[in-house]
There are 2 protein chains.
Amino acid sequence: MLLEHIASPRDVKALDATALPQLCDEVRRAILENAAAVGGHLAPNLGVVELTVALHRVFDSPRDKIIFDVSHQSYAHKVLTGRAAAFTDPAHYGEVSGFSNPHESEHDFFSMGHTSTSISLACGLAKARDLAGERYDVVAVIGDGSLSGGLAFEGLDNAAVLNSGIVIVVNDNDQSIAENHGGIYGCLARLRTSGGTASNNIFRAMGFDYRYLEEGNDVDSLVEALEALRGIDHPVVLHVHTTKGAGYDPAERAPEVWHHVGSFDIESGRKHTLISGDVPEGTYADITGAHLLEAMKRDPRVVGVTAGMPYVMGFTQERRAQAGQQFVDVGIAEEHAVTFITSLAAAGASPVFGVYGAFLQRSYDELWHDLCLNCAPATILDIGASVFGASAETHLNYFDLAMLGSLPNLRVFAPTCVEEYLLMLDWSLGQRELPVVIRVPGTKPVSRPDLVADFTDAPDFSKPAYRVVKHGQDVAVLALGDFFELGERVVAALAEHGIQATLVNPRFASEFDEELISSLPDRHRVVVTLEDGVLAGGWGEKIARRLSDRDVRVRCYGIDNHFHDRFDPRKLLEQNGVTVEGIVRDITSLL
Amino acid sequence: MLLEHIASPRDVKALDATALPQLCDEVRRAILENAAAVGGHLAPNLGVVELTVALHRVFDSPRDKIIFDVSHQSYAHKVLTGRAAAFTDPAHYGEVSGFSNPHESEHDFFSMGHTSTSISLACGLAKARDLAGERYDVVAVIGDGSLSGGLAFEGLDNAAVLNSGIVIVVNDNDQSIAENHGGIYGCLARLRTSGGTASNNIFRAMGFDYRYLEEGNDVDSLVEALEALRGIDHPVVLHVHTTKGAGYDPAERAPEVWHHVGSFDIESGRKHTLISGDVPEGTYADITGAHLLEAMKRDPRVVGVTAGMPYVMGFTQERRAQAGQQFVDVGIAEEHAVTFITSLAAAGASPVFGVYGAFLQRSYDELWHDLCLNCAPATILDIGASVFGASAETHLNYFDLAMLGSLPNLRVFAPTCVEEYLLMLDWSLGQRELPVVIRVPGTKPVSRPDLVADFTDAPDFSKPAYRVVKHGQDVAVLALGDFFELGERVVAALAEHGIQATLVNPRFASEFDEELISSLPDRHRVVVTLEDGVLAGGWGEKIARRLSDRDVRVRCYGIDNHFHDRFDPRKLLEQNGVTVEGIVRDITSLL
């Protein structure tokens with residue numbers, strides 16, 4: 001095993017050139033076996049094994065700076081920079097994160113997990129280098145769908161006029177997460193098929209020196225191409241054609257499905273757990289996809305919109321085929337998605353944009369300036385927004401309510417169960433008044449017809465009205481969305497202490513049932529708010545402010561606003577005092 | 001006067017073709033005279049007079065949809081769509097807003113004032129049209145610096161693959177607000193000088209049909225070029241070369257200075273009030289520019305960064321020349337700016353990005369995922385953030401605290417006066433620990449050495465510590481930033497009622513002096529928070545939450561989160577109960 005002797009990039013440089021292909025094989029095998037055991041971003045990483053080996057062969061990290069866009073394709077980089085054990089030794093699996101992380105290694109310059117940032121980051125490094133009068137190379141590796149993000153373009157636009165050395169490696173695997181969408185991918189395709197010679201080259205158009213390498217999974221060719229870029233004094237794009245999933249047949253054949261995987265059997269390719277592109281039956285994704293497809297059949301103006309992740313809203317390839325023109329994948333371009341649904345809605349269509357909360361935040365200005373200012377009746381499904389959603393610090397999905405809560409004209413729903421969710425979705429599709437965000441629970445779907453039993457006809461959500469599920473006294477528990485169940489448990493535990501608490505399902509997360517809130521002090525001495533999100537700027541604080549000059553004590557429960565990484569959600573809640581026992585203890589001490 | 005007979009675009013169509021140049025002259029004169037009297041976006045609008053007349057001659061608004069990017073160049077459009085009186089009759093000046101507005105006219109489809117949205121909006125209109133099986137033309141008019149914004153690229157990327165008719169008019173006046181920056185402008189320049197024939201055409205690269213028109217201020221040529229695009233069935237870019245400020249000599253010669261003007265004398269070109277590009281002496285902009293330039297001279301790693309608006313941070317052309325490599329204009333690309341300063345700071349530089357709050361919000365994800373997650377010691381000057389800042393609904397600058405308040409690792413300062421501001425700025429430039437936002441007051445600079453008298457040496461802002469300016473009892477007034485002066489007046493008025501209130505200058509707007517806050521109930525029965533921003537999700541609510549389970553009443557003062565348009569700030573404050581009298585009345589009733 002060569003890998004045993006690779007403790008740092010220096011060891012890659014020390015190898016005989018003829019040994020590089022073997023090193024690539026070993027790195028690939030390590031990535032594959034690790035992913036088979038514990039899951040991960042398989043296909044993107046398999047595609048860049050040779051590129052990464054070549055980068056570390058040629059450049060001198062950490063003096064030279066190599067930035068992997070999104071950093072979900074930095075596994076080979078991790079293997080070569082002293083972290084091989086986390087991939088080769090089951091006892092150390094899970095010791096490194098799935099993204100680049102400066103706390104792990106001096107070869108990782110940034111914590112990052114969103115696409116399209118690498119070129120801007122590289123520009124800053126290059127500029128800082130020049131101001132300090134230092135000399136080293138700065139390399140951004142971008143691709144795998146990241147180029148469609150607006151930030152990547154802003155970065156390109158500025159890198160082109162940097163007047164200094166900067167290397168941008170375009171890792172072109174002809175695949176985004178799902179499929180590539182957008183004009184730039186047509187341009188890349190024409191460059192690929194012409195061996196880089198097609199006219200109307202977008203990189204040359206912007207002023208870059210441009211090179212093309214067809215053999216993107218051949219380490220010797222890569223080394224040669226990169227050698228030519230060492231110490232370069234101007235902005236250059238090296239366009240490399242790689243194969244996503246390279247070296248593992250199932251992943252090469254179905255890179256979308258193998259983009260991010262759970263555990264699987266290497267020989268058979270049989271998955272043990274969820275694989276991206278899968279939409280398991282009975283999940284909120286599946287329920288959403290099925291429900292929207294029916295809505296589309298009834299109304300040709302219902303349109304599903306995704307930014308490169310159709311499966312998070314249940315749109316499998318099959319459902320996309322059925323939806324036809326009524327489903328649009330705009331590629332990784334969340335800003336465009338929000339402005340696009342704004343005008344779709346303004347022109348009479350009923351668009352539904354499904355997106356993780358962590359990515360919806362890329363559209364803050366479009367939410368404010370386009371969607372909300374124009375009060376366009378579009379629907380956004382804010383998916384996985386929960387401490388039980390993603391647990392990578394780069395992908396925290398529970399800052400959404402704090403982000404959305406001050407936007408004017410916006411209605412944010414927080415459903416407690418499947419039935420309530422679908423009623424809210426249907427109401428939103430049927431109305432022409434205002435933009436709606438539905439916070440699709442990040443927890444497992446629960447069926448609770450009793451929670452919508454107050455609706456005899458089609459529900460009217462045109463005014464914010466909280467539902468009092470249980471009338472009590474002394475204590476009122478306002479339990480939002482998927483934390484309603486926590487509220488039920490708190491109320492049950494209080495009953496054991498002889499306290500008959502009031503339990504409220506607020507349903508609305510950005511507007512307030514002012515009458516109900518204002519009446520709470522009449523019969524209650526303590527009000528508790530529960531939300532599955534950050535406290536700072538969140539929902540509970542808005543209740544606290546409304547009652548803080550009244551004769552009642554309010555205690556808000558939620559999460560502290562730190563970048564928690566790879567946490568156990570139960571433990572995080574415990575740390576924040578969000579447990580039934582803790583809450584009941586607090587309440588009894590406040591009474 | 002032809003203009004007297006133009007009540008709608010229909011009347012433009014009814015004119016004899018030979019009359020169009022005269023119509024253009026009259027429209028131009030109206031815009032010029034109106035701007036001379038009341039100010040406005042002069043140069044951009046003068047450049048598109050012929051283009052706008054031609055668009056309304058050829059297309060059939062409002063059936064056909066014409067979207068003017070940013071919409072600050074839609075004055076001619078307003079003149080031609082029934083709103084001429086607002087430009088020609090002094091009695092009606094000010095009756096229309098400076099941006100497109102659906103409440104004004106059926107020819108305005110969206111309220112908008114941020115750049116780079118038009119192509120995405122056009123995509124949605126075109127898609128809605130296709131889904132409904134309707135037929136009309138959709139035209140986006142973009143240029144004047146808007147193309148460098150990432151959203152414009154995401155829009156282009158998607159428009160190119162729309163598989164349907166969409167017209168994108170690139171209004172190329174070779175000028176952003178200040179200057180054009182970025183690779184795309186090099187591409188446009190090469191296309192201009194080659195009459196549209198240069199190889200490596202970025203629009204063709206993305207798959208657009210592309211046409212070029214050199215005579216962008218010749219109405220006949222424009223009519224001819226646009227006629228060819230009526231009913232087109234695929235995505236097309238019409239690249240038009242216009243002259244910013246066309247027809248008014250001073251504006252043609254100095255389009256940056258004449259981008260947005262106050263009143264002026266037409267004959268002499270003498271300005272009566274502020275003109276964009278000016279940095280009047282003694283303003284916060286001027287103080288900032290002068291101070292940063294000194295810091296740059298002392299330390300070669302201090303870098304000023306702007307996104308197309310150098311003068312908002314006091315960087316006149318002169319100061320930019322003096323700063324040299326230490327000042328970077330990234331063009332209209334706020335997302336890039338934030339990611340760029342992240343890596344600049346990470347690599348040892350001390351970047352300072354000056355930006356209006358309304359545009360900082362375009363970088364929400366970059367603030368969260370790049371700057372804050374990586375805890376990069378960069379400084380952002382959040383300029384004009386106040387109800388006394390911009391009063392157009394598109395440019396409201398007082399949502400910033402609500403946006404910033406939940407971001408982890410971020411230190412937000414709210415200085416009360418010039419002295420405090422500069423101490424905070426210096427502290428930020430000297431530290432390597434965390435990202436800093438300084439909320440530069442939107443009000444007139446005040447000098448108050450007494451407010452920093454507690455600092456004998458260089459101040460240490462490493463821990464959030466509020467300053468108690470006056471120790472009292474019963475009532476505590478926490479008055480943030482530029483509202484400190486309001487707090488002083490409230491405390492003085494309370495004294496007249498025999499109440500000796502405590503007055504606190506919090507200084508920190510996103511972190512909390514927990515000890516001080518927690519001790520407030522010991523000597524006070526009422527706590528009041530004052531902030532120059534929206535209440536929902538803002539700063540005061542965070543205080544309210546901290547005290548809502550304590551024996552004290554808290555009342556928060558700030559602004560409601562609505563899109564107020566063209567308001568009088570005093571009246572808006574009054575409507576929100578933010579007056580000395582109102583606050584004192586509330587307090588006495590709470591005691």
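Here is a short walk through a sheet in chain A and a helix pair that joins chains A and B. Please keep in mind that this is a predicted model.

Let's start with the sheet. Chain A has an open sheet of six strands, and reading across it you meet β7, β6, β8, β9, β11 and β10 in that order. The pairing between them is parallel. At the edges sit β7 (327-329) and β10 (411-413) of chain A, each of which pairs on one side only. As you step from one strand to the next, the twist averages 20 degrees.

Now zoom in on one pair of neighbours. Strand β6 (residues 302-306) of chain A runs parallel to strand β8 (residues 350-356) of chain A, and four bridges link the two.

Next, let's look across to chain B. Helix α15 (residues 334-346) of chain A packs with helix α8 (residues 150-159) of chain B, their axes 8 Å apart and at an angle of about 75 degrees. Angles from 65 to 115 degrees count as roughly perpendicular, so that is how α15(A) lies relative to α8(B). On the α15(A) side, the residues in contact are A:E334, A:E335, A:H336 and A:T339, and they meet B:L151, B:E154, B:G155 and B:N158 in α8(B). Sorted by class, this contact has four polar, three charged and one nonpolar residue.

Definitions and conventions: Residues are numbered from 1 along each chain as its sequence is written. Chains are lettered from A and ligands numbered from 1 in the order in which they are written. This is a predicted model: local features need pLDDT of at least 70, side-chain atom pairs count only at pLDDT 80 or more; totals for chains, interfaces and linings use all residues. Side-chain values use heavy atoms; hydrogens and water are left out. Two strands pair if DSSP finds at least two bridges between them. Axes are lines fitted to C-alpha atoms, for helices over the stretch in contact, and angles run from 0 to 180 degrees between N-to-C directions. Angles under 35 degrees count as roughly parallel, over 145 as roughly antiparallel, 65 to 115 as roughly perpendicular and the rest as oblique. Contact means heavy atoms within 4.5 Å. Ala, Val, Leu, Ile, Met, Phe, Trp, Tyr, Cys and Pro count as nonpolar, Asp, Glu, Lys and Arg as charged, and the others, Gly among them, as polar.
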